[in-house]
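Me: I would like to learn how to read a folded chain feature by feature. Could you take me through the one shown here?

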Amino acid sequence: MSADHPLVAILDDEPEIRRMLSDALEEAGFRTTCYGRATEFEAGLKRSSPDVCLVDLGLPDRDGLALVHRLALESGAAIIIISGRAQVQDRVTGLELGADDYIIKPFDPAEVVARIRARLRKGRNEGPAQAQTAHFAGWTAHFDRYLLVAEDGAETSFSHAEGEVLRLFLESPNRLITRAQMQESLGGAAGESFDRAMDVRISRLRTKLREDPKNPRLIKTIYGAGYIFLGEVRWS
């Protein structure tokens, strides 16, 4: 990431929206690249690595949600959906598939700039020296590669969004983490959509960690309070 001029990739099939976002972001000190089709966007990712991807869901040549999910698994960029789909379920699905934020059209470009700055500020606050590998209960989590490695050597990838939740647990083992603390740490608007997105991410993490869904041994639900990660964690 360029700390002074981060790169934002804009994917939207409406030229007016691309131009409006690009103008606002460049005036705010960002660099931008713009694409009208998913195929052009994916080709662009091979030439450069954006810090943030703004992705519209209504694309002419690809399912936007499928693209978001692929980005979450393969890219280290923050992913922000921009969409005219305003239903709660659409927002929940987008977050479940790995998006970091969801902005509904029509929007004020200043809000998009502010949301992007918030995401990048959160990343900088983590610090460049932050440990990227955690060892716990026979597992190794590589946050730089979005990869879980089991004791038997089996590898399982996790999304950027799932990694945020996993890191939150591993950085505070054996301590209660409330929903309010999760919302404050991970960002996003509190409410039903955030709670459901967290439930799905935690469920997926349990599956990847081979947890018994009826009696998980690592990520424990404390009903009415939050969650506790049980176990010793070593960072490297």
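Me: In which sense, left-handed or right-handed, does helix H6 pass helix H7?
Reply: A crossing is called left-handed if the near helix is turned anticlockwise from the far one by less than a right angle, and right-handed if clockwise; here H6 passes H7 in a right-handed crossing. Helices (H or I, at least four residues) and strands (E, at least two) are DSSP runs, numbered from the N terminus. Please keep in mind that this is a predicted model, in which local features need pLDDT of at least 70 and side-chain atom pairs count only at pLDDT 80 or more, while totals for chains, interfaces and linings use all residues. Residues are numbered from 1 along each chain as its sequence is written, and side-chain values use heavy atoms, with hydrogens and water left out.

Me: At what angle do H6 and H7 pack, and which residues make the contact?
Reply: Axes are lines fitted to C-alpha atoms, for helices over the stretch in contact, and angles run from 0 to 180 degrees between N-to-C directions. H6 (residues 160-171) and H7 (residues 179-186) pack at an angle of about 120°, with their axes 11 Å apart, and that makes H6 oblique to H7. The word follows a scale on which angles under 35 degrees count as roughly parallel, over 145 as roughly antiparallel, 65 to 115 as roughly perpendicular and the rest as oblique. The contact (heavy atoms within 4.5 Å) is made by Glu-164, Val-165 and Leu-168 of H6 together with Met-182, Ser-185 and Leu-186 of H7. By class, this contact of H6 with H7 has 4 nonpolar, 1 polar and 1 charged residues, where Ala, Val, Leu, Ile, Met, Phe, Trp, Tyr, Cys and Pro count as nonpolar, Asp, Glu, Lys and Arg as charged, and the others, Gly among them, as polar.

Me: How would I read helix H2 (residues 38-45) and helix H3 (residues 64-74) on that scale?
Reply: The axes of H2 and H3 come within 12 Å and cross at roughly 10°, which makes H2 roughly parallel to H3. On the H2 side the contact involves Ala-38, Phe-41, Glu-42 and Leu-45, and on the H3 side Leu-67, Arg-70 and Leu-71; by class, there are 5 nonpolar, no polar and 2 charged residues.

Me: In what order do the strands of the parallel sheet stand?
Reply: Two strands pair if DSSP finds at least two bridges between them. In this open sheet, 5 strands follow the order E2-E1-E3-E4-E5, and the pairing is parallel. Strand E2 (31-35) and E5 stand at the edges, each with a single partner strand, so one side of each is left without a neighbour in the sheet. The twist averages 20° from one strand to the next. Within the sheet, strand E3 (residues 52-56) and strand E4 (residues 78-83) run parallel and are joined by 5 bridges, with Cys-53 standing opposite Ile-79 in E4. Helix H1 (residues 15-27) lies across strand E1 (7-11), E2, E3 and E4, running at about 170° to E2.

Me: Which strands stand at the edges of the antiparallel sheet?
Reply: That sheet is also open, with 5 strands in the order E9-E8-E7-E6-E13 and antiparallel pairing. Strand E9 (155-157) and strand E13 (234-235) are at the edges, each having a single partner strand, so one side of each lacks a neighbour in the sheet. Between E8 and E9, which run antiparallel, there are 3 bridges, and Val-149 has Glu-155 in E9 as its bridge partner.

Me: Where does Gly-224 take a positive phi?
Reply: Gly-224 takes a positive phi near 85° in the hairpin of E11 and E12, which has 3 residues between the strands. Strand E11 (residues 219-222) pairs with E12 in the antiparallel sense over 4 bridges, and Lys-220 has Ile-228 in E12 as its bridge partner. Strand E12 (residues 226-229) is also joined by 3 bridges to strand E10 (residues 176-178), again running antiparallel, with Ile-177 opposite Tyr-227.

Me: What is the backbone like at Tyr-146 and at Pro-106?
Reply: Tyr-146 has a positive phi of about 55° although it is not a glycine, and this residue is found in the loop between strand E7 (139-142) and strand E8 (147-149). Pro-106 is joined to Lys-105 by a cis peptide bond, with omega about -5°, in the loop between strand E5 (101-104) and helix H5 (109-126).
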